[in-house]
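Here is a short report on one structure. Look at the sequence and the model, then read on.

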Amino acid sequence: MPVRSTRRTFVGVTALTLAFSVIAFTQAAYAGKPVGSDKGATTEETGGGDGTGIYAAARITYSGSVAANGSKGNVTSADVNWTPPPCWYAPYLGAKDFKKKMSGDIESQMNAPGMGGHAGAALSELKRHYEDEYGWTDTPGYKDYNVDKDGEGMFWAAVENPDEPDLLKRNSCNDLPFWVDNGEAPPPQYEQAITPEILAALAYQHMQLPDTEVSLAPEQTTKVNLPTWAWLDKAVFDEVQATAAINVPGFNIEATTTARPVSLTLEPGTDDAVTYPASGECTINNDDSIGEPYARGKANRTPPCGIKYLRSSGNSTYNLQATITWDISWTGTGGAGGDLPDGTFGNGQAVTVQEIQSVNR
């Protein structure tokens, strides 16, 4: 078997070939109903064979509380340095289907006008790699695209995360498609091969958290120097889950990412206000609620979670921002699991603040 020093020798020269070979991975096709925080709803990515009989690229199926139509969810990582994976490697095609796809792409480009020199030589090397066992130190070649092992494994290829804005990061998975036997792990040099942990991060990226509209007393309109109570009931505010899974012949993994509310942060929308507590962060109670509902007889008490405005909003309103911090964890196939960075999501509520009117007699 011919051997070279590195499998990356001609990767840059054959970028067009790779782009044609794995283009199916960069498109996400979803069907499902829009979901919010209701459990059991699904948004699913299509998969399976197409009309030609070629098995489609391994699509990720999302279920639970996820954004509709494959879009990003509304959760923001509290860790500014954490981002979902920009790309990964995943099962692509069986041997016969891969031969049909790759050999067709190679022949098409080799016959293109002006294809010669280094580019033509690189395409010849690529053809030899899959047909004549032409390999490198840690990347063996294949005999006739491994068709004698069809059904016993799949070729894996790069997948770009369409939600990654950085093109260089999105294209950083640039190794050639490689073979993995059913039931076996990908070779160790492919550190970005899909895992339950990567699926958990993608579930995080697509997770849809419920709107954060706190209950207020007084509601919507309050008075200067009058404490406004704020709370969230457990009944309308609970943990959220999103699941990501891959299911293809010989390879089935999944991960469920769970978000649990831990605190509510109130930002009054003006510097002329004080918050309760002073930090503005209301922690979760033992019964999983946040704050305390106002009731008759509490007028002279300081709310455990709330705001006191010190100046009227005049003819306008203050934009009260209520942001929830969520503890994020995950579990996956094979007992894997761990923590992900906390997530946050919030929205604004218009609050009118009026002066207390007095009448002199």
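Which residues form one aromatic cluster? They are Y92, F98, Y130, Y142, Y145, F155 and W179.

This is a predicted model, where local features need pLDDT of at least 70, side-chain atom pairs count only at pLDDT 80 or more, and totals for chains, interfaces and linings use all residues. Residues are numbered from 1 along each chain as its sequence is written, and side-chain values use heavy atoms, with hydrogens and water left out.

**Aromatic pairs**

The structure holds 18 aromatic pairs. Rings of Phe, Tyr and Trp (its six-membered ring) pair if their centres lie within 6.5 Å; planes under 30 degrees apart are stacked, over 60 edge-to-face, and the rest tilted. Two of the pairs are listed here.

| Pair | Centre to centre | Angle between planes | Type |
|---|---|---|---|
| Y92 and F98 | 6.4 Å | 80° | edge-to-face |
| Y134 and W136 | 5.7 Å | 85° | edge-to-face |

Helices (H or I, at least four residues) and strands (E, at least two) are DSSP runs, numbered from the N terminus. M154 sits in strand 8 (residues 153-160). M154 is buried, at 7% relative accessible area. M154 and D181 lie 27 residues apart in sequence, yet 6.6 Å apart in space, C-alpha to C-alpha.

Helix 5 spans residues 196-206. Of its 11 residues, 10 are buried, so helix 5 is largely enclosed by the rest of the structure. Among the buried residues are P196, L199, Y204 and H206.

Terms used. Buried means under 20% relative accessible area, exposed over 50%, partly exposed in between (1.4 Å probe, protein chains only).
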